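User: Please take a close look at a single part of this model. I would like one connected answer.

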Amino acid sequence: MALPVAEWQGRSARRWAALEPALRERLTAASLRDAVRLGCDLLRTEEEEEAALVWLCHQAPTDKKPEASSWYREQGNREFRRGQYQAALRLYSKAASHELPGSPKVSVCFANRSAALLHLGHFEVCLEDIARAESHGYPDRLLPKVLLRKAECLLCLGRLQEARDILGVLESKIALDRVTTTHLTLLKKLSLLKVKLHEKERCPEPAQEAHGGIRGKSEIWEENNSISGASSSLSLSFDAERGRHLVASQDIVPGQSLLEEEAFVSVLCPGESLPLQDAETAWDTRATNADLYCHRCLRQLLASVPCQGCSYAKYCSQDCADVAWQQYHRTECSLGALLLTLGVFCHVALRTVLLAGFAEVSRLVGWSHSGDKDSHTPEARCKPLSEAPNAGAGTKDIPGCDSSGRYQSSYQALFHLLPHTEQHSPEHKFLCTLSVVALCKQLQAAGLEAAVLNQESPQQWSTAKACEKTSDELSPELKIVAEAMLRHVLQLQCNAQAIAVMQELGPGDGAVVNKKPVRLATAFFPVLSLLNHSCCPNTSVSFNGTAAAVRASQPIPSGQEVFHCYGPHQCRMRVAERQQLLSQYFFECRCQACLEELESGVKSVVSIRNSFCCPKCQAQMQGEEDTLCCSNEACATSASRQNLSGRLQDLQLQIKKALDLLGAGKADQAIKMLLKCQMDAGNFLSPEHLLMGEMEDHLAQVYATLGKWQEAARHLKKSIEIVEMHHGPSSVETGHELFKLAQILFNGFAVSEALSTIQRAEGILSVHFGPQSAQIQELQEMKACLSELPRNILQRT
């Protein structure tokens with residue numbers, strides 16, 4: 001959630017309504033500095049507000065609970081015994097995150113998790129967990145089981161000498177111990193492993209040869225001298241109407257890489273829950289983004305390394321955990337529940353100032369005060385830092401550039417993103433002010449001020465300081481921090497970048513992997529923010545961890561502006577709906593797509609495709625009011641929009657039930673329900689409605705689960721036809737659908753069709769993601785495998 005939880009928003013709204021009109025006026029017109037000062041005055045003696053915030057934090061606890069660890073471990077054991085190793089893996093990770101530092105029980109969590117990893121075939125990660133278990137004091141009496149697991153991993157990885165050494169240690173250890181039934185079982189497994197080892201040493205497996213040409217060619221990249229991370233084919237421009245923007249300085253071709261930028265700051269969004277089991281339990285067993293991705297680098301997690309201080313933060317490695325602690329988590333750790341309550345935007349704002357450092361924050365906030373008198377003029381808001389005292393001579397007159405005229409992915413550039421202070425609604429500005437001040441008050445009350453101001457090292461910081469209490473008045477330094485944070489929270493409405501990933505649906509162990517886009521994190525990308533919006537953009541943006549890559553999606557002639565789509569694309573939405581959504585960015589879109597649609601007066605093809613159709617003659621239903629009429633004059637049937645919308649909602653609910661049946665392994669029932677949904681939809685939805693395409697996609701998924709490849713391909717082709725109508729034949733959405741079709745044709749042994757589909761998917765996806773992307777590599781591996789089949793098979797297919 002970007003903004004604070006609903007209860008805190010409600011309290012803020014009631015507080016705003018209760019203010020004296022004169023005070024509301026002052027807050028509405030206040031600069032950021034004055035808003036913070038007034039917010040401090042309002043919260044100085046408000047024990048009721050503080051108590052309410054404490055209560056809300058209790059709804060999202062992030063402290064460690066050993067009793068929760070024991071419960072999660074038991075649930076993990078249950079899933080493990082059922083053979084549900086993926087579910088067991090996540091439950092063991094939850095158990096490890098709740099164990100207190102130094103507890104020997106955490107070693108059992110890691111050891112149990114290593115067993116699940118072994119069954120899932122993740123041998124390297126299994127070895128890492130075994131090492132963690134040993135380093136955390138795994139009980140000596142249980143060590144033989146873990147050593148046996150370690151030897152098996154080494155054997156599977158072909159590390160035969162290491163496996164032999166471990167087996168020798170294990171044999172000696174068992175011999176010294178008293179013989180029990182457990183040891184007899186271990187001896188039996190040990191002898192079997194020794195046989196496997198002997199066979200591998202006698203007949204070593206041949207080394208895997210890489211397929212020629214599988215790896216994509218390295219791209220030619222010449223970095224821009226003036227814009228960090230950007231291609232030399234771009235130049236930075238500025239004018240009063242468009243602000244800072246990027247322009248092609250030479251002709252650009254589709255697929256050309258234009259920008260690669262690491263986020264200045266990113267914060268993982270809690271995300272949508274993915275249920276692991278149906279039964280209601282004492283503790284939450286659902287897997288969210290917080291369980292699935294590294295909280296620092298956003299890499300997908302297999303075996304997370306938990307934070308030593310809280311149960312929320314999890315990392316892909318100890319290195320990531322250490323860097324996060326050093327840079328920001330030592331301050332954030334004890335505030336986890338508060339940050340979840342106040343929302344991702346507040347969290348991003350805090351982490352931004354922590355990463356920038358107080359010295360740089362203070363310098364820029366101080367500089368911004370020099371323009372307070374003229375802060376309501378565009379010229380003052382766009383005044384570059386290079387005009388500040390001691391700036392280097394000859395600096396380009398573009399906001400955010402450093403003294404040498406270079407625009408970098410830096411805090412200085414981020415600070416110059418417009419906060420639109422006077423354009424936010426007074427209520428929203430008040431909510432942000434109260435939230436930021438409440439967070440800074442908690443920083444001070446918890447004794448974290450010195451850490452925020454970079455006045456001590458991590459070793460000097462002590463949890464004992466959390467008990468310290470200070471006065472209700474914020475220190476001058478924390479008021480500077482609060483002002484910077486308020487600026488960043490307001491900036492995020494227009495400049496937040498959603499880092500999205502394609503997340504697998506289900507266990508991900510099928511022959512065809514179904515994925516959906518998921519918002520993973522919210523981030524600041526100072527250079528990416530230079531791209532202005534167009535409803536028909538000429539670029540495509542993708543993410544790899546915390547890094548963004550921008551590629552040309554169509555030819556861009558020299559001198560043309562480079563555009564990015566902020567969300568509502570021309571193909572997905574009518575111009576009126578797009579304009580309404582874009583109002584949050586405080587501009588009226590005048591892109592070519594909007595102007596052409598507004599001037600032509602022709603009804604948008606998007607609305608026709610996603611329209612209701614007449615229940616009698618299947619012609620399009622039309623009308624702007626609640627009553628819709630059939631466009632076929634000879635029919636003249638009318639229907640209630642509310643009634644048709646209700647039918648659509650019921651249909652979507654039935655589709656969800658069908659997918660639940662598929663998830664429960666009831667594929668035949670899922671097919672029957674989806675076919676019935678299709679029949680019902682045909683009575684009131686346009687044949688080109690996106691939902692019709694989604695149902696074809698779901699049917700393809702079910703048939704692929706059953707191994708009925710031809711049926712799956714038939715339905716997916718119909719889905720692709722509808723996707724192409726809505727998104728275009730060269731869109732990334734079409735590319736993803738073609739990728740799935742390639743998988744189905746490959747598994748169904750339809751060689752010729754598979755090769756042609758692979759070629760088309762490769763052509764589209766390489767434009768959007770580049771030749772090194774995982775999907776391109778998989779397509780090339782499929783193509784190489786098919787190309788190596790005997791010639792007579794290729795000719796028959």
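Predicted model: local features only at pLDDT ≥ 70, side-chain atom pairs only at ≥ 80, totals over all residues.

With which side chain does the side chain of S475 make a polar contact?

Analyst: Residues are numbered from 1 along each chain as its sequence is written, and side-chain values use heavy atoms, leaving out hydrogens and water.

The partner is E449: its side chain makes a polar contact with the side chain of S475 at 2.5 Å. A polar contact is a pair of N or O atoms within 3.5 Å; within protein, one must be able to donate a hydrogen and the other to accept it, and residues adjacent in sequence count only if both atoms are side-chain atoms.

S475 lies in the loop between helix 20 (449-452) and helix 21 (476-495). Helices (H or I, at least four residues) and strands (E, at least two) are DSSP runs, numbered from the N terminus. S475 has a relative accessible area of 13%, so it is buried (under 20%; exposed is over 50%, partly exposed in between; 1.4 Å probe, protein chains only). Leaving aside residues up to four places away in sequence, S475 touches Q444 and E449 (heavy atoms within 4.5 Å).

Strand 3 pairs with strand 11 (residues 547-552) over five bridges. There, E260 stands opposite A549 in strand 11.

Conventions. Pairing = 2+ DSSP bridges.
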